[in-house]
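Here's a quick briefing for anyone meeting this structure for the first time.

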Amino acid sequence: MKFDTPATTNPIDQLKVVGKPIDRIDGPLKTTGTAPYAYERHDVAPNQAYGYVVGSAIPKGRVNAVHVQEAMGAPGVLAIVSTLNVPQLGLGRMNTARLFGGAEIQHYHQAVAVVVAETFEQARAAAMLVQVDYAGAPGKYDLAQEAPNASPVGGSSGEGSSAGPVDRVGNFDAAFASAVVKLDQTYTTPDETHAMMEPFATVAAWDGDKLTVWTSNQMVAWGKGDLAKTLDIPEANVRLVSPFIGGGFGGKLFVRADVALAAIGARAAKRPVKLALTRPMIANNTTHRPATIQRIRIGAQPDGAITAIAHESTSGNLPKGKPETAVAQTKLLYGGANRLTSMRLAVLDLPEGNSMRAPGEAPGLMALEIAMDEMAEKLGMDPIEFRIKNDTQVDPEKPDRPFSQRQLVQCLRQGAERFGWKNRNPKPGQVQDGRWLVGMGVAAGFRNNQLTKSAARVRLETDGKVTVETDMTDIGTGTYTIIAQTAAEMMGLPMNRVVVKLGDSDYPVSAGSGGQWGANNSTAGVFAASIKLRETVAGRLGFNSADAVFADGRVRSGNRDAALADAARDGALVAEDGIEYGDLAKKYQQSTFAGHFVEVGVDSFTGETRVRRMLAVCAAGRILNPKSARSQVIGAMTMGVGAALMEELAVDTKRGFFVNHDLAGYEVPVHADIPYQEVVFLDETDPISSPMKAKGVGELGLCGVGAAVANAVYNATGVRVRDYPLTLDKLIDQLPQVA
Ligand code: MOS
């Protein structure tokens, strides 16, 4: 189904099932521990052996020799494959660093050997006996030091937010020079790791030259293609299965070493192999969110109208890596006739930087939305009024291109009302509650709505149930449930008559999960397949498909009426179709908006920041399931607190690696760190986005939160921190005298 004109009324608008806060249908599997995660697929292939990865102990250089003799003699060992035993593996389309093979070391903990043994413990013990001779080479690990050498690079993140190397509209320099009120500040965000709960894990089994992997991956079709490319085997010989994912956050958009080495280990051992990357391997072996240095300049008239806005970001990556697209939102969020965005990329020899939790906008808004707060203060304006003053209903770079929907102003106004913004003291450092300095902060939330084609197969079974099959993934987001809701609405069935099967490359290719594009696109694909199935059903029943009504398990047309199941009496009916998009996205900018509000208390003695209240008001198209959408948003807000207050990979700039590479050293928020979170969804349907009239919402819950926390800390203390995370050492010397 080609979607190239705005959606009109369709069966989804009935909202009998879609739009309801239905419990996740995979909930019982999760809460009883019976959802089959990759490392627990004991049943899928008999006689599984265990793989263990040896990671490079140097960040850059060459492997001269790998001595495996002693390890081979260790108990239970079945096979050892070293990086010198295999030709350099192919480079997947989505990868920057190679996963394995050949002598070159590109980053610390890059895989140099895989040990296969009867048990995990035996594989691990033998791995400790593998001796590797390295020849180290000098590398570059310090972004601040390399930033002056960075070159202009355009590009898009793995998730589509993009910018050119230098994009200009009007004349920024002249407009900024003559602006009455100006801000010129630099902000930094650190390297971060995904820290998803489920590690990278794979069971791999060969049947002749055919390979099946049961793994944990957000993008099944990308994974299948890149695994074939990595191993240099035909794509048709690869099956990738990923029905449950215990968090990915962008780290599992790609094929990683667990998949490649499980496959290589299985081939060597002639056994199915199960392999997980251990927690301490993950931060350096896989990908991370690159650190940024962001300079923002804003010039405005005394009335607050922005006349000039510039956002320039420098990040680092391996040679041929992508920049962190931290300037992307600044192209679209506020008006202003004279604009400049630019990205520079420094070559670093740290592990690969790639997508993590709203790449681009998440770190970009952490800087931009502090800058807006600082600018409002310079102007003597309320930060909400300053943002509203500079709202735009069109793409500021292409003013003939309107937003399909843009309710940022409503998000901010409703949020202010609900949060009690009028009680905020605009003068910082004034409000005290016992030993706590208390402050409120706000930030705009922004993330694009991305369209990508997505297909599904829908089958009416002989018992009247409907089965949906698509290679879509559920990364904890609620995909199973919203897909069931979509099929139930379309076919006129209750939820318990729909079966959803996901995450298998044998099913039709979907959008996959990333960039908050999963919900809208994958359900639109199910919509398309369901329209086809409705036609097939109507035809089988001899009804006119145009006026057939599917409701309550029955099909009605004129004065004729039949049970839906009757259509499949002589055999199941199958329909397969997908959604594809025309050029509506060229004519309309499609984005999602939020107002993020945070209240913090900062301990006046220790500088410790505690979040006291959070609110997100979101405008993100039709909300397909308010319960799962709210779960997405509160999870994302939690990540925003992490980014603001604690998450940071510490770089050893001499030895070239991330030091705190486990969950003891890399801190993320726990329950005790998170207060009551409120989420409001504004009424919105967006007929430009898809027949579902929905948009993405998950990452919107993160984008802006970090700055709202930072702005609240400033309001509480009067200390402006521009380097994330806002740990207490950055506050304590400057806190008001209390004793
Ligand atoms: Mo992404 S960072 O996988 O939504």
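Three strands make up an open sheet, ordered 25-26-27, with antiparallel pairing. Strands here are DSSP runs of E at least two residues long, numbered from the N terminus, and two of them pair if DSSP finds at least two bridges between them. This is a predicted model, where local features need pLDDT of at least 70, side-chain atom pairs count only at pLDDT 80 or more, and totals for chains, interfaces and linings use all residues. Residues are numbered from 1 along each chain as its sequence is written, and side-chain values use heavy atoms, with hydrogens and water left out.

- Strand 25 and strand 26 (residues 554–557) run antiparallel and are joined by three bridges.
- Phenylalanine 550 has valine 555, in strand 26, as its bridge partner.

**The cysteines**
- Searching the whole structure turns up zero disulfides (a disulfide is a pair of cysteine sulfur atoms within 2.5 Å).
- Cysteine 411 is in no disulfide, and its nearest cysteine sulfur belongs to cysteine 618, 6.8 Å away.
- Cysteine 411 counts as buried because its relative accessibility is 0% (buried means under 20% relative accessible area, with a 1.4 Å probe and protein chains only).
- Cysteine 618 also has 0% relative accessibility, so it counts as buried.

Note on methods:
Helices (H or I, at least four residues) and strands (E, at least two) are DSSP runs, numbered from the N terminus. Buried means under 20% relative accessible area, exposed over 50%, partly exposed in between (1.4 Å probe, protein chains only).
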